[in-house]
Amino acid sequence: MLLLVGLGNPTPNSQNNRHNIGFKIVDAINQEFGLSKQKPKFKGLLTTGNIGDQKIYAIKPLTFMNSSGICIRELLEYFKIDAEDVIVFHDDLDIEFGKIKAKFGGSSAGHNGIASIDKFIGKEYSRVRIGIGKPNNKISVSDYVLNDFSDEESEHLEAITKNIIKSLKILIDKKLDLFSSTVNNN
């Protein structure tokens with residue numbers, strides 16, 4: 001069993017925020033692979049199904065970004081899933097817009113959603129870091145991540161999402177380096 005987690009904030013006005021890219025990726029995975037209808041469970045919106053022969057749970061925590069770990073811990077305990085079988089999709093300011101890097105473990109690098117997950121389940125899980133770039137002007141980081149994608153970024157986001165979907169089976173096999181190189185070269 002694998003747990004795919006998309007990080008974001010659950011308010012309607014957050015839907016197109018840069019911080020909500022994880023929600024967008026999980027929604028695309030649900031749609032592409034025909035996972036179940038989203039149901040409110042474990043303080044999140046949960047879907048289940050199979051991708052290939054792999055049993056998948058996918059969740060979008062409704063606890064807000066800074067408390068994402070609460071939701072994930074409850075789900076892991078209930079389904080007896082190991083932290084190493086968790087893959088989290090999230091935004092990353094330190095990566096150029098549109099680039100994707102997957103890694104296992106590591107620090108939160110100041111990302112509050114990742115810090116919350118680390119606190120509740122440890123650091124031994126996989127992360128798919130989706131680059132949103134840094135603000136070009138004097139806008140604060142918190143305002144930047146909570147602002148919507150520009151029209152140009154939104155168009156590019158569709159291509160990013162399709163590349164992740166195309167390479168998802170590699171990710172599910174936990175071939176993180178191969179996934180990173182493949183997804184960026186599609």
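## Charges and a buried helix

In helix α3 (residues 112-121), G113, I114, S116, I117, D118 and I121 are all tucked away as buried residues. Buried here means under 20% relative accessible area, exposed means over 50%, and partly exposed lies in between (1.4 Å probe, protein chains only). Helices (H or I, at least four residues) and strands (E, at least two) are DSSP runs, numbered from the N terminus.

This is a predicted model, where local features need pLDDT of at least 70, side-chain atom pairs count only at pLDDT 80 or more, and totals for chains, interfaces and linings use all residues. Residues are numbered from 1 along each chain as its sequence is written, and side-chain values use heavy atoms, with hydrogens and water left out.

**Around α3**

- The cover over the buried residues of α3 includes α2, β5 and β7, with contact meaning heavy atoms within 4.5 Å.
- Just past the end of α3, G122 takes a positive phi of about 90 degrees.
- D118, one of the buried residues of α3, forms a salt bridge with R127, and their closest N and O atoms are 3.3 Å apart.

**Other salt bridges**

- The structure holds eight salt bridges, each one a side-chain nitrogen of Lys or Arg within 4 Å of a carboxyl oxygen of Asp or Glu.
- R73 and E77 pair up through their side chains, at 3.0 Å from N to O.
- R73 and E77 are separated by about one helical turn because they sit four residues apart in helix α2 (residues 68-79).
- R73 counts as partly exposed, at 37% relative accessibility, and E77 also counts as partly exposed, at 47%.
- K134 and D94 meet in a salt bridge too, at 2.6 Å from N to O.
- That pair links distant parts of the chain, 40 residues apart: K134 is in the loop between β7 (126-131) and α4 (141-145), while D94 is in the loop between β5 (86-92) and β6 (100-104).
- D94 has 51% relative accessibility, so it counts as exposed.

**The negative patch**

- On the surface, D151, E152, E155 and E158 gather in a patch of negative charge.
- Such a patch takes residues with over 30% relative accessible area and no salt bridge, joining like charges within 9 Å.
- Asp and Glu count as negative, Lys and Arg as positive, and His and the chain ends are not counted.
- D151 has its place in helix α5 (residues 151-166).
- With 66% relative accessibility, D151 counts as exposed.

How values were computed:
Patch = residues over 30% accessible without salt bridge, like charges linked within 9 Å, V, L, I, M, F, W, Y side chains within 5 Å. Areas by Shrake-Rupley, 256 points an atom, 1.4 Å probe, with all protein chains shown as cover. Charge placed at Lys NZ, Arg CZ, Asp CG, Glu CD.
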